[in-house]
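Please go through the side-chain packing, surface and charge pairing of this model. A short report is enough.

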Amino acid sequence: MPLVAALAAGNRVMLKPSETDAAHVGFLAELLAGLFPPEQVATIVGGPEIGQAFARLPFDHLFYTGSTAVGRLVMQAAADNLTPVTLELGGKSPCIIGEDAALPSAAESIVHGNC
């Protein structure tokens, strides 16, 4: 959703997905490259060292979703440029529940992390 909101507000986006799932990252990078010109949406692929360099760039705003430990590092890196940061920390396994979902079954699946 941050990508959609940023684009809807007329911004350009540099996206650095997590390095923990290379198959999804490759798919996402290819998909976005097919939908947007690179000067509008650029997907940066790489490991933790790329993420550290990325967080040190002088952005107008930096949005991070992930762990609290890495969020602290992102905040520290962004502080050098006084870059405003939004941290979305600790959430895992997001779920969307459709209008026709069986709520008791959906709730049980969510509680057990089986979305």
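Which residues does phenylalanine 59 touch, not counting residues up to four places away in sequence? They are Met14, Phe54 and Thr83; contact means heavy atoms within 4.5 Å.

The model is predicted: local features need pLDDT of at least 70, side-chain atom pairs count only at pLDDT 80 or more, and totals for chains, interfaces and linings use all residues. Residues are numbered from 1 along each chain as its sequence is written, and side-chain values use heavy atoms, with hydrogens and water left out.

**Aromatic pair and core**

There is one aromatic pair in the structure. Phenylalanine 54 and phenylalanine 59 have ring centres 5.1 Å apart and planes at 50 degrees, so the pair is tilted. Rings of Phe, Tyr and Trp (its six-membered ring) pair if their centres lie within 6.5 Å; planes under 30 degrees apart count as stacked, over 60 as edge-to-face and the rest as tilted.

The largest nonpolar core has nine residues: Phe54, Ala55, Phe59, Leu62, Tyr64, Val74, Ala77, Ala78 and Val85. H4 gives the most, with three residues. Such a core is a set of buried Ala, Val, Leu, Ile, Met, Phe, Trp, Tyr and Cys residues joined through side-chain atoms within 4.5 Å. Helices (H or I, at least four residues) and strands (E, at least two) are DSSP runs, numbered from the N terminus.

**Burial**

Buried means under 20% relative accessible area, exposed over 50%, partly exposed in between (1.4 Å probe, protein chains only).

| Residue | Relative accessible area | Class |
|---|---|---|
| Phenylalanine 54 | 10% | buried |
| Phenylalanine 59 | 18% | buried |
| Lysine 16 | 19% | buried |
| Glutamate 19 | 40% | partly exposed |
| Leucine 35 | 56% | exposed |
| Leucine 82 | 76% | exposed |

**Charge pairing**

What is the count of salt bridges? It comes to one, with a side-chain nitrogen of Lys or Arg required within 4 Å of a carboxyl oxygen of Asp or Glu. Lysine 16 and glutamate 19 form it through their side chains, at 2.9 Å, N to O.

**Surface and loop**

Leucine 35 lies in helix H2 (residues 22-35). With Phe27 and Leu31, Leu35 forms a nonpolar surface patch of about 320 Å² accessible area together. Patch residues have over 30% relative accessible area and no salt bridge; like charges are joined within 9 Å, nonpolar side chains (Val, Leu, Ile, Met, Phe, Trp, Tyr) within 5 Å. Areas come from the Shrake-Rupley method with a 1.4 Å probe; for residues, only the protein chains shown count as cover.

Leucine 82 lies in the loop between H4 and strand E4 (85-89). Its phi is near 55 degrees, a positive value in a residue other than glycine.
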